[in-house]
Amino acid sequence: MRSLRKGRSDRTRGLAHRAVPVLLSATTLVIGGVVAAGPSSAAAASATHASPASSAASTKVHIRHLCSHPSEPGYMACNAVARTDIKQQLSVGPDSAPSGYGPSDLQSAYNLPQSGGSGQTVAIIDANDDPNAEQDLATYRAQYGLPECSTANGCFQKVDQNGGTNYPAPDAGWAGEISLDVDMVSAACPSCHILLVEANSASMDDLGTAVNRAVTMGAKYVSNSYGGSEDSTDPASDEKYFNHPGVAITVSSGDSGYGVEYPAASQYVTAVGGTSLQQDSSARGWSETVWGSSAGGNGAGSGCSQYDSKPSWQQDTGCSNRTVADVASVADPATGLAVYDTYQASGWNVYGGTSASAPFIAGVYALAGTPGSSDNPASYPYSHSTALNDVTSGANGTCSPSYLCTAGPGYDGPTGLGTPNGTAAFTQ
């Protein structure tokens, strides 16, 4: 079975640590008997040979992490990865389409409406500036026949963490992350408005300030595609940055397999894991397994938090604290997403990572409707678990109890309660 198909046009780290971006030199790695060329651009932080989820185990792909590993406590890295074995293209011909899944594929796989979300604003929180964010978004949306989303028509807005236009320094890795984020929100909710809030740095304090700014500006859905290692200050950060009743805050669970990242561990957020997504002949037309393997390494993050308390709506018994994740969607770069990025990049790329699933789920929340003003929307899927696609196979490592890293019927760590089957699981 092919692990990656052409997206159709709608018109016809170990565990990531918090860090200041530090660019690693280009290297050549030999992993699993395959030579993986190290990145040559300044944006590339690391290169590995990825083993995708079991459903695509016969296909091995080369990837690079877009953001570098942290170098000091209190900093984060983005959870986006790029395929390096697929040629980037600045444009595609009129009778062809970019590699990777496009909006119609995702709408089909997750039973989402093509309309809805009008007037809803999804905020994207990232570090550093992407100078090309708006023009790249326009290219993506035009390719797939999605409505215009620009500053001119009021659909797109970019601000710094203080709500102004004094944007931080640009960074190619985070620019790729921003492209992935805005494209995935567009794929999930084409009629949603997008608010991009750029933090001054990848510190938790700056990113958290950006979260608060987004909520102050009225966003009811806030996506965070970054993470770092847990520490004892996390509960304080929970209260300072993520305790926003009536706001659906999504956070990627990580890209380094079994292990917990923050802020996915926050009790106030929806922690979003990742799957490998394949088209098949089933009634659904698609199937999913955990993104990762029992050997660990690249894959969706999961596990039992060291510091964050268990929210009342989470009932699994093998972890007395907060368990990650809650829900999931496609994240495996071997079954990755078409993304358009031109800031120190060459246009159409295939990206993956739980940085794809977090903004996509934020868009699904927006399709589902405005959360209750006093609610924690992270609890909603737990009241509607039968309205999700249960992912029952695959693993992201080896652990005990096994459900924290291995899929099975019902709740499991890597994919939570499952993936969207429409929007019913994401409302009251």
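**Figure 1. Gly-416 in the loop between β21 and β22.** In this predicted model, Gly-416 is found in the loop that runs between β21 (388-389) and β22 (419-420). Gly-416 has a relative accessible area of 0%, so the residue counts as buried. Which residues is Gly-416 in contact with, leaving aside its neighbours within four places in sequence? They are Ala-325, Asp-326, Val-327, Gly-410 and Tyr-411. Ala-328 is 88 residues away along the chain, yet the C-alpha atoms of Gly-416 and Ala-328 are separated by 6.6 Å.

Figure 2. Tyr-411 is one of the contacts of Gly-416. A pair of aromatic rings is described by the distance of the centres and the angle of the planes. By the rule used here, the model holds 10 aromatic pairs. In the pair of Tyr-403 and Tyr-411, the ring centres are 6.2 Å apart. Their planes meet at 65 degrees, so this pair is edge-to-face. Tyr-403 is buried, with a relative accessible area of 17%. Tyr-411 also has 17% relative accessibility and counts as buried; the cut-off for buried is under 20%.

**Figure 3. Phe-242 against Tyr-262.** This aromatic pair is edge-to-face, at 6.1 Å centre to centre and 80 degrees between the planes. It links distant parts of the chain. Phe-242 belongs to helix α5 (residues 234-242), and Tyr-262 to strand β13 (residues 261-262). The two residues are 20 residues apart.

Figure 4. Four residues make up the cluster: Tyr-140, Tyr-144, Tyr-340 and Trp-348, linked by ring pairs.

**Figure 5. The largest nonpolar core.** In soluble globular proteins, nonpolar side chains tend to be buried together. The largest nonpolar core of this model has 102 residues. Which helix gives the most to this core? Helix α6 (residues 354-368) does, with nine residues. Leu-106, Ile-125, Val-222, Tyr-226, Phe-242, Phe-360 and Phe-426 have the most contacts inside the core. Leaving aside its neighbours within four places in sequence, Phe-360 is in contact with Leu-106, Tyr-110, Leu-112, Met-184, Ala-188 and Ser-329.

**Figure 6. Ser-355 in helix α6.** Ser-355 lies in helix α6. With a relative accessible area of 0%, Ser-355 is buried. A polar atom of the Ser-355 side chain lies 3.2 Å from the backbone nitrogen of Ala-80. Beyond its neighbours within four places in sequence, Ser-355 is in contact with Cys-78, Asn-79, Ala-80, Glu-177, Leu-180, Asp-181, Ser-225 and Ser-252.

Figure 7. Helix α3 covers residues 172-188 and has 17 residues. At 1.5 Å a residue, α3 should span 24 Å. Its end C-alpha atoms are 25 Å apart, which agrees. Why is α3 described as largely enclosed by the rest of the structure? Because 17 of its 17 residues are buried. At the start of α3, Asp-171 places a side-chain oxygen within 3.1 Å of the backbone nitrogen of Gly-173.

**Figure 8. Ser-305 in strand β16.** Strand β16 (residues 303-309) contains Ser-305. Ser-305 is buried, at a relative accessible area of 3%. A polar atom of its side chain lies 3.0 Å from the backbone nitrogen of Asp-308. Not counting residues up to four places away in sequence, Ser-305 touches Glu-230, Val-260, Ala-265, Cys-319, Asn-321 and Arg-322.

**Figure 9. Ser-108 in helix α1.** Ser-108 lies in helix α1 (residues 103-109). Ser-108 counts as partly exposed, at 36% relative accessibility. Which side chain makes a polar contact with the side chain of Ser-108? The partner is Trp-286, at 3.0 Å. Gln-279 is 171 residues from Ser-108 in sequence. In space, the two are 9.9 Å apart, C-alpha to C-alpha.

Technical notes. Residues numbered from 1 in each chain as written. Predicted model: local features only at pLDDT ≥ 70, side-chain atom pairs only at ≥ 80, totals over all residues. Heavy atoms only, no water. Core = buried A, V, L, I, M, F, W, Y, C linked by side-chain atoms within 4.5 Å. Buried < 20%, exposed > 50% of the residue type's maximum accessible area, 1.4 Å probe, protein only. Helix = DSSP H or I, 4+ residues; strand = E, 2+ residues; numbered from the N terminus. Contact = heavy atoms within 4.5 Å. Phe/Tyr/Trp six-rings, centres within 6.5 Å; stacked < 30°, edge-to-face > 60°. Expected span 1.5 Å × (residues − 1). Polar contact = N/O pair within 3.5 Å; in protein donor to acceptor, adjacent residues only side chain to side chain.
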